[in-house]
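Trainee: Please take me slowly through one part of this model, the packing of its strands and helices, and keep each step tied to particular residues.

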Amino acid sequence: MVETLETDIAVVGAGIVGVACALQLARQGRRVLLIDRQQPGLGASYGNAGHLATEQVFPIADLSILKRLPRMLLDPMGPLRLDWKYLPKALPWFTRLLLNLRPAPFQRSVAGIRALNEASLGAWQRLLGSIGRNDLFKEDGSLLVFERPETRQALDALQARMREQAVPVEYWSGSAVQTAAPQLNAQIQGGLFFPRTGHFLDPHRVVAELFDAARSCGMQFARHEVVGATLEAHGVTLATAQRQLKARQVLIACGAHSAKLTSALTGKPVPLDTERGYHLMLPDEQQRLPFAVTSFERKFIMTPMAEGLRLAGTVEFAGLDAPPSMQRAWQLHRLSKGLFRRDLSIEGATPWMGFRPSLPDSLPVIDQVCEGRVILAFGHQHLGLTQAAVTAQWIAQMLAGKRGSQMEAYRLDRF
C-alpha cells in the first residue's frame with residue numbers, strides 16, 4: 001500500500017530558490033513540505049559563481065549570437081558552446097530567444113531583470129539578517145577587467161548602457177585595479193567596478209543555513225523524486241516511488257527540471273532549457289582576490305570563497321541528459337593564465353557541472369495559476385542566487401494576497 005502524506009504546501013526543489021521560499025512560507029505559519037531527490041543545495045545552487053550579480057540587467061544573449069553560432073558548433077572549449085547533436089531539440093528555444101531580441105521584447109526583458117535585481121541586495125540583507133548569518137555575504141563590489149587597449153571602446157559603451165539602466169558603476173584605471181587587487185597582472189588596462197554587488201563565501205552553506213531555519217519553523221523535508229502530478233478538486237497530488245503526497249498547493253521551484261511538472265499540472269508547455277555551467281574550485285587560492293573579478297575578453301568570473309577561489313562562467317547547450325564534459329571546467333584554469341602575476345595553483349582542484357534553468361526571454365516564471373493551487377518560481381538563468389531572496393519575498397506576498405503589479409512580467413501565460 002502506498003503511504004500518503006498531507007500538507008498545506010509542497011515545495012518541489014531544494015535549491016536556493018525553493019529553500020528560500022519554503023522558509024518564508026513556513027514563517028507565515030503554513031505547513032510546508034520540501035521535496036527533492038537529493039539533499040538540499042546540491043544542484044545548481046551548489047556550484048554557482050557565488051556572485052550577487054545585480055549589475056547584470058541585460059538578457060543572456062544579443063544579436064551577436066548569430067555571428068557566434070558557427071563557432072559555438074565547432075569549438076568544444078569556447079565560452080559558449082552548442083552541442084550540434086542537441087541542435088534539433090534546441091532550435092525552437094533558440095528561435096524564441098531570437099524573437100525576444102527584437103527591440104520591444106528585449107526592453108521588456110531588461111525591465112524585468114532590472115526590477116528583480118534592484119530589489120535583490122536588500123532582500124538578501126534582510127533574509128540573512130533574519131537568521132543571523134550576514135557573515136556569509138560580503139557586500140564588497142565586483143570588478144570587470146579588460147586587457148587590450150582596443151577593448152576600451154566596448155567597455156565605455158557597456159558602461160553607458162548600464163548607467164542608462166541606473167546600475168551603479170565606476171570606471172577604474174589600471175593603477176586603481178592594481179591598488180585594489182595587486183596580484184592581478186599589471187597588463188590589465190582598467191575595468192568597471194560595481195559597488196552595489198558582492199559575493200557569498202559559501203553558496204551551499206547559505207542553502208544549508210536557510211534550510212535549518214525553515215526546519216526550526218516547522219518545515220518538513222522528504223527526499224523523494226516527484227514522477228507525476230495531478231490536480232484535484234481541493235489541491236494537488238504528487239506521485240513518487242515511495243508515497244503519494246497531497247497538498248492544498250504546490251510550489252514548483254526545481255530549476256531546469258521544472259518544465260515537465262509544470263506542464264503536467266497546467267497543461268501548458270514551458271519553453272525551458274538548460275545552460276550547463278561549469279566551475280573549477282582552487283582550494284589553495286583563497287587569498288588571491290579581494291572580491292569577484294570577471295574578465296571582459298576571456299568571459300569568465302573568479303570569486304574568492306571560504307574554500308578557495310572559484311572559476312566559473314562557461315555555458316554549454318547540451319540538455320539535461322548528456323554526460324558532463326569536465327574539460328570545459330579545466331579550461332577555466334587555462335583561461336586564467338596571464339591574468340595574475342603568478343599563475344593560479346591547481347593543486348587539489350575540483351571540477352563541477354550543473355544546470356542553469358533558462359527561458360528564452362531571460363525572465364523567470366513567478367506566478368500562481370490553476371485557481372491558486374499551483375505556484376511557480378523557476379527559470380532564473382544565471383541569476384538564481386542573485387534573485388532567490390526577492391523571489392521568495394514576492395511568493396510569500398503573493399500567497400498572502402498581496403500580488404503587486406511588478407510581478408506581471410513573470411506570468412506563465414506570457415508564453
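Predicted model: local features only at pLDDT ≥ 70, side-chain atom pairs only at ≥ 80, totals over all residues.

Mentor: Two strands are taken to pair if DSSP finds at least two bridges between them. Strand S5 and strand S9 (residues 198-200) are joined by two bridges and run in the antiparallel sense, with Lys-138 standing opposite His-199 in S9. These two strands belong to an open sheet of three strands, ordered S3-S9-S5 with antiparallel pairing. Strand S3 (51-52) and strand S5 (137-138) stand at the edges with a single partner strand each, so one side of each has no neighbour in the sheet.

Six of its six residues are buried, so S16 is largely enclosed by the rest of the structure. Phe-300, Met-302 and Pro-304 point one way from the strand, while Ile-301, Thr-303 and Met-305 point the other way, and all of them are buried. Strand S15 (residues 292-295) pairs with S16 in the antiparallel sense over three bridges, and Ser-295 stands opposite Phe-300. The hairpin of S15 and S16 has four residues between the strands, and in it Lys-299 takes a positive phi near 60°. S16 is also joined to strand S17 (residues 308-317), antiparallel to it, by five bridges, and Met-302 stands opposite Leu-311 in S17. The hairpin that S16 and S17 form has two residues between them.

Turning to the helices, the axes of helix H5 (residues 103-130) and helix H11 (residues 384-399) come within 7 Å and cross at roughly 85°. Since an angle of 65 to 115 degrees counts as roughly perpendicular, H5 and H11 are therefore roughly perpendicular to each other. Among the residues that make the contact are Ile-113, Leu-116, Asn-117, Ser-120 and Trp-124 of H5, and Leu-385, Gln-387, Val-390 and Trp-394 of H11. By class, the residues of the contact of H5 with H11 divide into 11 nonpolar, six polar and one charged.

Ile-395, with neighbours within four places in sequence left aside, is in contact with Cys-21, Leu-25, Leu-251, Ile-366, Ile-375, Leu-376 and Ala-377.

Val-365, in strand S19, counts as buried at 0% relative accessibility. Not counting residues up to four places away in sequence, it touches Leu-359, Leu-376, Ala-377, Phe-378, Tyr-410, Leu-412, Arg-414 and Phe-415. Val-365 and Val-270 are 95 residues apart in sequence, yet their C-alpha atoms are 9.8 Å apart in space.

Some backbone details deserve a check as well. Ser-362 has a positive phi of about 65° although it is not a glycine, and it is found in the loop between strand S18 (350-358) and strand S19 (365-369). Ser-362 is buried, with a relative accessible area of 2%. Ala-166, likewise not a glycine, also has a positive phi of about 65°, and it lies in the loop between helix H6 (152-164) and strand S7 (170-173). Its setting is another matter, for at 46% relative accessibility Ala-166 counts as partly exposed. In helix H9 (residues 258-266), the residues Ser-258, Ala-259, Leu-261, Thr-262 and Leu-265 are buried, and the helix is followed by Gly-267, whose phi is positive, near 75°.

Methods. Residues numbered from 1 in each chain as written. Heavy atoms only, no water. Axes fitted to C-alpha atoms, helices over the stretch in contact; angles between N-to-C directions. Parallel < 35°, antiparallel > 145°, perpendicular 65-115°, else oblique. Contact = heavy atoms within 4.5 Å. Nonpolar A, V, L, I, M, F, W, Y, C, P; charged D, E, K, R; others polar. Buried < 20%, exposed > 50% of the residue type's maximum accessible area, 1.4 Å probe, protein only.
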